[in-house]
Amino acid sequence: MSLQAFGQLLLEAELKQPRAVECAAGEVAWFALGSPDKQSVNEDALALFDLGGGRCVLALADGMGGHAAGEQAAARALQALGRELSGLKSAAVDPDEDEPALADAILSGFDAANRAVLAELPGSGSTLVAAEIDGHRCRLYHAGDSGALIIGGRGRLLRETIPHSPVGFAVEAGVLEPEEALHHGDRHLVSNIIGSETMHVGVSTTIRLKSRDVLLLASDGLFDNLRSAEIAALVPRGRLTSKLDRIASAVHERMVTEAEGQPSKPDDLGLLAFRRG
């Protein structure tokens with residue numbers, strides 16, 4: 001697991017407790033833990049790119065389980081995104097022009113990540129989800145089934161990305177109920193990844209973040225074990241690190257304890273949260 005903060009790459013394979021840092025845009029907290037049923041490295045990678053001027057980009061990549069060098073693919077994806085964003089860090093902020101420039105850099109970063117994995121790690125793959133923060137504005141980008149949620153101060157789910165998977169699209173189309181999707185045999189299938197000739201990027205509309213809203217990026221280790229409403233209910237109270245601690249504890253309990261009617265899928269878990277300063 002890697003966290004890119006203020007231009008310095010920090011490597012942390014596991015975190016026993018969530019950690020937090022202040023950046024130009026607000027507070028960022030993160031947590032990562034390998035799957036409880038394996039001894040191999042955590043294939044989730046997390047990044048914070050602090051661009052100054054109230055701008056930052058959060059990103060999370062999940063190396064594809066079963067693919068060669070999944071953890072390397074996740075790291076390559078974030079490194080490629082970071083290179084595309086590096087030219088914006090010292091740029092002057094123009095309210096009329098800066099938002100398109102940041103969006104273009106992120107989209108270029110996804111493309112660069114895809115080319116890098118295809119060229120350097122053929123046969124490997126990774127998901128990638130990113131959020132741009134520019135003052136009050138937020139926009140979400142993703143490829144794969146790592147996702148993003150925006151949760152209001154009272155625990156109301158305000159926005160959620162759609163997983164790029166057959167099951168995710170079936171839920172969005174209304175032909176599969178969310179509860180059925182949690183237990184579907186094809187839930188692990190992903191239809192769009194970094195490292196594919198047909199990679200494409202899902203992009204949200206611009207979202208206005210209020211001061212108590214929490215932005216949460218996560219790998220599928222979260223979404224395969226907790227329902228969206230359960231996640232949102234764990235967010236309202238306490239500090240950002242406390243929120244992630246509650247979420248991580250609930251996910252771990254589901255992963256290690258099977259109960260009738262409840263999802264339970266051991267997997268790597270990566271969490272990255274943001275709240276405006």
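Trainee: What kind of model is it, and how are the residues numbered?
Mentor: It is a predicted model, in which local features need pLDDT of at least 70, side-chain atom pairs count only at pLDDT 80 or more, and totals for chains, interfaces and linings use all residues. Residues are numbered from 1 along each chain as its sequence is written, and side-chain values use heavy atoms, with hydrogens and water left out.

Trainee: How many helices and strands does the protein chain have?
Mentor: The protein chain has seven helices and 14 strands. Helices (H or I, at least four residues) and strands (E, at least two) are DSSP runs, numbered from the N terminus.

Trainee: What share of the protein chain is buried?
Mentor: Of the 277 residues in the protein chain, 53% are buried. Buried means under 20% relative accessible area, exposed means over 50%, and partly exposed is in between (1.4 Å probe, protein chains only).

Trainee: And what share of the contacts with a separation of 6 or more comes from residues 24 or more positions apart?
Mentor: Such residues account for 69% of those contacts in the protein chain. Contact means heavy atoms within 4.5 Å.

Trainee: Moving to aromatics, how many aromatic pairs are there?
Mentor: The count is one aromatic pair. Phe110 and Tyr141 form it, at 6.5 Å centre to centre and with 40 degrees between the planes, and the pair is tilted. For the rule itself, rings of Phe, Tyr and Trp (its six-membered ring) pair if their centres lie within 6.5 Å; planes under 30 degrees apart count as stacked, over 60 as edge-to-face and the rest as tilted.

Trainee: Why does that pair tie together separate parts of the sequence?
Mentor: Phe110 lies in helix α2 (residues 98-120) and Tyr141 in strand β8 (residues 137-143), so the pair links parts that are 31 residues apart in sequence. Phe110 is buried at 0% relative accessibility, and Tyr141 is likewise buried at 0%.

Trainee: Where does Ser146 lie, and which side chain does its own side chain meet?
Mentor: Ser146 lies in the loop between β8 and β9 (147-151). Its side chain makes a polar contact of 2.6 Å with the side chain of Thr127. A polar contact is a pair of N or O atoms within 3.5 Å; within protein, one must be able to donate a hydrogen and the other to accept it, and residues adjacent in sequence count only if both atoms are side-chain atoms.

Trainee: Is Ser146 buried or exposed?
Mentor: Ser146 is buried, at a relative accessible area of 1%. Leaving aside neighbours within four places in sequence, the contacts of Ser146 include Leu60, Asp62 and Asp220.

Trainee: Which polar contacts does the side chain of His164 make?
Mentor: One, of 3.3 Å, joins the side chains of His164 and His142. Another, of 2.8 Å, is with the side chain of Asn192. His164 sits in the loop between β10 (157-160) and α3, and it is buried, with a relative accessible area of 5%.

Trainee: What about Arg237, buried or exposed?
Mentor: Arg237 counts as exposed, at 51% relative accessibility. Arg237 is in the loop between α6 and α7 (240-256). Apart from neighbours within four places in sequence, Arg237 is in contact with Lys243 and Arg246.

Trainee: Last topic: how much space lies in the largest pocket?
Mentor: About 550 Å³. A pocket is found on a 1 Å grid over the protein atoms alone, as an open set of points where a 1.4 Å probe fits, with protein on both sides within 12 Å along at least five of seven lines; lining residues have an atom within 4 Å of a point. Grid points are joined across faces, edges and corners, and the volume is the space filled by probe spheres set on the points.

Trainee: Which residues lie nearest its centre?
Mentor: Of the 25 lining residues, Glu160, Pro163, Val171, Arg187 and Ser228 lie nearest the centre of the largest pocket. By class, the lining has 11 nonpolar, six polar and eight charged residues. Here Ala, Val, Leu, Ile, Met, Phe, Trp, Tyr, Cys and Pro count as nonpolar, Asp, Glu, Lys and Arg as charged, and the others, Gly among them, as polar.
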